[in-house]
Amino acid sequence: MKKNITICCLLALATVLGLGACSSDDVDQIPEGMGQVQVRLSARYHGVTRATGDWLDPTDPKELIHDYWVAFVNTSNIVEELVSGNCGTAGKEEDTFRFLLPPGNYKVFAFANLPTNANFASLGIKKGSAMPDLSTKTLPTTNGWTNNIPMSSHIGGQNITVREAENQSFEVELVRTMAKLEFTFINDSQQQMDLLGYEIHPLKRTNVSLLEPDDPDDFLTAEEDTASYYVDLSTAPLVLYPKGSTGDDKPTRHTVYSYVNETNASATATLNQYSLRMKMRRHRDVDTEVIDYRYGFTLNSDGIGKDLSGKDINGFDFIHRNDWIKLPVMFTDWTFRIEALPFPPIAGFQARVLSADALSITFNSGGYIFLRPMFRNNHDAEGVWRGFDDGAVTFKLPGEPYTVNGNVAESIDSDTGTGIILTGDLDIFEQRFVKLASGDIVGKLTNESPKVGMVTVTLKLILEGFHYQFNYNIYLNNPN
């Protein structure tokens, strides 16, 4: 069932008329030189958004329209008419309002659920006065939003044309200023998993633009304006029972929601992506341990549409207002790590330093570097790691074809591909990574001093039918 969010009110037709109920008999006669307009105020946003239609069926009253204001601005930039109303604490999903307007072209600006410390009066919009410039106005929203979600229009307003006629209908759209992240944590392993907390980074710390920007680049944020958003569940962990458990008292999955500010990760993060870190308690056969997991979520290679300026939207470079992004996270019995094999050149320095999360590797000198992906099943004996001679494990290096001596090398998008596209400072590499017959991958750092830099190596893995992607940061940090 299609659900549109609209509001019902009746603007006074003249000073002698008061507000009344919506009815076909409300307007007995249309004065000469006026147009009868019916407006449906809706949060069914038609612009590019990753909402998958779910915003049309809100799960929480805070996602509905409560109090609202709609301004109709003529071609002289004067507020011709201003409509306001209140739908109560429960909010409303569908209604309309009707009134009279002189024929002409108008820009319509709509607002709803504004925070009390940024209420409508502070915007300076008044009937009969010039429409103020709202392009630099911000709302004091914050990550972890719990109040009714503020809504507003696009930065340029919405164009409508009113004729001298009856029964003209328009839909005026509102855009939620917040995004909704939906994480579904799924336990596909044979052990109990307790979620003690999760953290998203980077997200904008406080204010967001009142009106929807033309382009995600318009809400670039400096690093100091962003922060991690952490949800602490340590006092009431979400228990994920082992795969195959049955009964409502033994769930194998949990879904959590977070309302967050729009953010452009490419302006704030080295890797141009967002990361999710989770604190988990894994129940082993013998003991219980608390560990941290970190995942980067990005779809930088697969365009999923265009924004209002026509620019391609490529996954999670940004989180836009009105997005409803669904991110399933599955836990299996596999553990993955990568070894950086130390083969320094003669008189060279120790070849690598692994970061605490094992997703960053620093090489302190030039020459060849070897990386060895390793796996283990958590039910294997302690210390047993599998290589790529195990039939349950395959991996590939995604990217584009590259050339050797002017000839295109074999395909990279297959399990036997030999090349990988790197991102970052490619000048620190004399060649791209290739996959050896042993399953190791190897690349060569330049020996030019004092060249430093970073590249990201992407590995795509298939473990017993499950697909994974890991992004490894390879740094050259010349100690000289």
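I started with P202, which sits in strand β13 (residues 193–204); strands here are DSSP runs of E, at least two residues long, numbered from the N terminus. The peptide bond leading from H201 into P202 is cis, and its omega is near -10°. Next I checked N167, in the loop between β9 (158–162) and β10 (168–173). N167 is not a glycine, yet its phi is positive, about 55°. I flagged both kinds of feature because most residues other than glycine have a negative phi, and most peptide bonds are trans.

**Ground rules**

This is a predicted model, so I take local features only at pLDDT of at least 70 and side-chain atom pairs only at 80 or more, while totals for chains, interfaces and linings use all residues. Numbering runs from 1 along each chain as its sequence is written, and side-chain values use heavy atoms, with hydrogens and water left out.

**Confidence**

The protein chain has a mean pLDDT (the predictor's confidence in each residue, from 0 to 100) of 74, and 67% of its residues reach 70 or more. Residues 400–405 fall below 50, with 14 contacts (heavy atoms within 4.5 Å) beyond near neighbours in sequence. Residues 408–418 also stay under 50, and the model gives them 31 contacts beyond four places in sequence. Where pLDDT is low, the predicted coordinates should not be read in detail.

**A sheet**

I traced an open sheet of three strands, ordered β17-β12-β22, with mixed pairing; two strands pair if DSSP finds at least two bridges between them. β17 (253–261) and β22 (324–331) are the edges, each with a single partner strand, so one side of each has no neighbour in the sheet. Strand β12 (residues 178–187) runs antiparallel to β17, and nine bridges join them. One that I looked up pairs I186 with R253 in β17.

Definitions and conventions:
Helix = DSSP H or I, 4+ residues; strand = E, 2+ residues; numbered from the N terminus.
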